[in-house]
Amino acid sequence: MSLRLDVFTLVPDAFAWMRERRPLAGVLGSGLDFRVFNYRETTPLTAGQVDDEPYGGGRGMVLRVDVVAAALDAVYGGVPEQRVLALSPQGRQLDQELVEELAREPALTLLSARFEGFDQRILDQFATDVVSIGPYVLSGGEIPAMAVVDAVVRRLPGALSDGSGELESFSAALDGGLEYPQYTRPAEFRGWSVPEILLSGDHGRIETWRREHVRSRSDEQTMTRA
Ligand code: SAM
């Protein structure tokens, strides 16, 4: 199984580091084809223009529909068959269920915007999904696109060196709950000790302890300093 992941952005450089780090580095060229496209390189407007003032007045600039159409035409020869995710704070909130769903797709396109966002016709005509990474507003779609790319790619076979993705928060193996507490050396620090059972070497009891400590989602908000 492999995934072709295409990102359209005004800040292509922002994605450079992702290629050199896991999870992308683990699957690039085998399970993953990752491409980044700059709207400015295919804009039909002069001087690299990609946005314009909003009709009806108001502040800021809006990403133009003809600019996004030209970018999609250049790469796919039109609107692609695959899922096209437009990143917007107004979209469906990204969660692990959506991540798992996206990781099963053969190809995905991510559209990001900056400034005031997308001309509505981009969402209506080109996007199959509008996705938000949370109920807050960022300055651009690059960080949201990175969040989607990272979350989806780490679900691809071979992306994680140790396969640790099977037993982590929100996984089916933990019934969608949160991972048990993790500890490492030193066993004692400033009087804060590691639970004795984890040092016992008794794998059966450790497994039981971990199961008991898988936190339910509803406890999530209580994870603060005592
Ligand atoms: N004017 C828009 C509004 O009020 O809903 C906000 C636009 S925001 C400043 C610029 C762009 O950043 C958005 O079009 C989107 O691509 C991206 N963006 C910002 N926050 C986001 C979020 N929470 N999830 C996904 N994308 C986001």
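## A walk around the predicted model

Start by selecting Arg 154: with a relative accessible area of 24%, this residue is partly exposed. Keep in mind as you go that this is a predicted model.

**Stop 1**

Is Glu 168 buried or exposed? Glu 168 is buried, at a relative accessible area of 17%, because anything under 20% falls in that class.

Next, select Arg 83, Glu 101, Glu 105 and Asp 129 together; salt bridges that share partners join these four into one network.

Glu 100 is partly exposed, with 24% relative accessibility.

For one more pair, pick Asp 66 and Arg 64, whose closest N and O atoms are 2.6 Å apart in a salt bridge. Asp 66 is partly exposed at 28% relative accessible area, and Arg 64 is partly exposed at 21%. How many salt bridges are there by this rule? The count comes to 13. As background, side chains of opposite charge can pair when their charged atoms come close.

**Stop 2: the largest pocket**

Select Leu 87, Ser 88, Pro 89, Glu 116 and Gly 117. Of the 24 residues lining the largest pocket, these lie nearest its centre. The volume of this pocket is about 470 Å³.

Which element gives the most to the lining? That is β5, with four residues. Highlight β5 (83–93), α6 (120–125) and β7 (129–132) in turn, as each of them supplies at least two lining residues.

**Stop 3: a nonpolar patch**

Switch to a surface view and select Tyr 136, Leu 138 and Ile 143. Together they form a nonpolar patch on the surface, with about 290 Å² of accessible area. Ile 143 belongs to helix α7 (residues 142–153), and this residue is exposed, with a relative accessible area of 54%.

**Stop 4**

Before the last selections, a reminder: most residues other than glycine have a negative phi, and most peptide bonds are trans.

Select Arg 22 and Pro 23 and look at the peptide bond from one to the other: it is cis, with omega near 10°. Pro 23 is in the loop between α1 (16–20) and α2 (24–27). Then jump to Arg 185 and Pro 186, which are joined by a cis peptide bond with omega of about 0°. Pro 186 lies in the loop between α7 and β8.

For positive phi, go to Ala 47, where the value is near 55°. Ala 47 is in the loop between α3 (39–42) and β3 (51–52), and counts as exposed at 84% relative accessibility.

Finish at Phe 115, with a positive phi near 55°. Look for Phe 115 in the loop between β6 (107–111) and α6; this residue is partly exposed, with a relative accessible area of 43%.

Note on methods. Residues numbered from 1 in each chain as written. Predicted model: local features only at pLDDT ≥ 70, side-chain atom pairs only at ≥ 80, totals over all residues. Heavy atoms only, no water. 1 Å grid on protein atoms, 1.4 Å probe; cavity = no way out; pocket = protein on both sides within 12 Å on 5 of 7 lines; lining within 4 Å. Points joined across faces, edges and corners; volume = space filled by probe spheres on them. Patch = residues over 30% accessible without salt bridge, like charges linked within 9 Å, V, L, I, M, F, W, Y side chains within 5 Å. Areas by Shrake-Rupley, 256 points an atom, 1.4 Å probe, with all protein chains shown as cover. Salt bridge = Lys/Arg side-chain N within 4 Å of Asp/Glu carboxyl O. Buried < 20%, exposed > 50% of the residue type's maximum accessible area, 1.4 Å probe, protein only.
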